[in-house]
Amino acid sequence: MKVLIDNGHGSNTPGKCSPDGRLREYAYTREIAERLVMELRKNGIDAERIVKEEIDVPLAERCRRVNEYKASEAILVSIHCNAAGNGADTGCGEDAENCLPGMKMRKDMTDGDPDKESQFYILRHTNCSAVLTENLFQDNREDVEFLLSERGKRAIVSLHVWGIMKYL
């Protein structure tokens, strides 16, 4: 099984950063994606990033790259940071609560599980199993401090590795 990693947005995508500009989503997600690929490979899992460019790659092209694989041969994980947190809870399930102790968690139990369903383009237009993760809030000062810390980066990568390995 091939694990395809999509790092969100690009250097030319407007906005998509913390209010102070220290966390730029395109740079952060690329770093996390690269770390994630390395950790998955250390665990014997075939993984690669689908977007190696620094500029934004259109969603249709991202989907085309994913759909080069048969649905049964790959899974997709698209990595992002959320916005409009305003100090509110972060969106994750109990697995995230274990990896991110002390962080507030937002749950959407309307369909019987804690994750939030959405109709993101990349999830609707890829043939394989896919998930898009929103990793804390880039407009929440506490979240930004955590995300930019080495401890935070390791926690986010570990959470993804654990979830992928659990799924596989």
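Histidine 9 is buried at 18% relative accessibility, where buried stands for under 20% relative accessible area, exposed for over 50% and partly exposed for the range in between (1.4 Å probe, protein chains only). The residue sits in the loop between strand 1 and helix 1 (25-42), and its phi is near 65°, a positive value in a residue other than glycine. The model is a predicted one, in which local features need pLDDT of at least 70 and side-chain atom pairs count only at pLDDT 80 or more, while totals for chains, interfaces and linings use all residues. Residues are numbered from 1 along each chain as its sequence is written, and side-chain values use heavy atoms, with hydrogens and water left out.

A positive phi, near 60°, is also found at leucine 136, again a residue other than glycine. Leucine 136 belongs to strand 6 (residues 129-137) and is buried at 3% relative accessibility.

The chain contains six helices and six strands, taken as DSSP runs numbered from the N terminus (helices H or I, at least four residues; strands E, at least two). Their order from the N terminus is β-α-β-α-β-β-α-β-α-β-α-α. Of the 168 residues, 42% are buried. The accessible surface of the chain is about 8900 Å², and carbon and sulfur atoms account for 50% of this surface; accessible areas come from the Shrake-Rupley method with a 1.4 Å probe, and for residues only the protein chains shown count as cover. With a contact defined as heavy atoms within 4.5 Å, 71% of the contacts between residues at least 6 apart in sequence join residues at least 24 apart.

Isoleucine 5, in strand 1 (residues 2-7), has 0% relative accessibility and therefore counts as buried. Residues up to four places away in sequence aside, isoleucine 5 touches Ala33, Leu36, Val37, Leu40, Glu48, Arg49, Ile50, Val51, Val77, Ile79 and Ile164. Its C-alpha atom is separated by 9.5 Å from that of arginine 30, 25 residues apart along the chain.

Threonine 13 also lies in the loop between strand 1 and helix 1 and is buried, at 15% relative accessibility. Its side chain makes a polar contact of 3.1 Å with the side chain of aspartate 56. A polar contact is a pair of N or O atoms within 3.5 Å; within protein, one must be able to donate a hydrogen and the other to accept it, and residues adjacent in sequence count only if both atoms are side-chain atoms. Aspartate 56 is partly exposed, with a relative accessible area of 29%. A salt bridge links aspartate 56 to arginine 62, with the closest N and O atoms 3.0 Å apart; the criterion is a side-chain nitrogen of Lys or Arg within 4 Å of a carboxyl oxygen of Asp or Glu. Arginine 62 is buried, at 2% relative accessibility.

By this rule there are 17 salt bridges. In helix 2 (residues 59-66), glutamate 61 and arginine 64 are three residues apart, about one turn of the helix, and form a salt bridge with closest N and O atoms 2.8 Å apart. Both are partly exposed, with relative accessible areas of 23% for glutamate 61 and 41% for arginine 64. Glutamate 61 also forms a salt bridge with arginine 65, at 2.9 Å between the closest N and O atoms. Arginine 65 and glutamate 61 are four residues apart in helix 2, and about one helical turn therefore separates them. Arginine 65 is buried, with a relative accessible area of 18%.

In helix 5 (residues 141-148), the buried residues are Asp143, Val144, Phe146 and Leu147. Seen down the axis of helix 5, these buried residues fall within an arc of 165°, so they line one face of the helix; the arc is that of the directions from the helix axis to the C-beta atoms. Arg141 and Glu142, on the other side of helix 5, are exposed. At the start of this helix, a side-chain oxygen of asparagine 140 comes to within 3.0 Å of the backbone nitrogen of glutamate 142.

Leucine 168 follows helix 6, in the segment after it, and is partly exposed, with a relative accessible area of 45%. Residues up to four places away in sequence not counted, leucine 168 touches Met1, Val3, Ile45 and Ile75.
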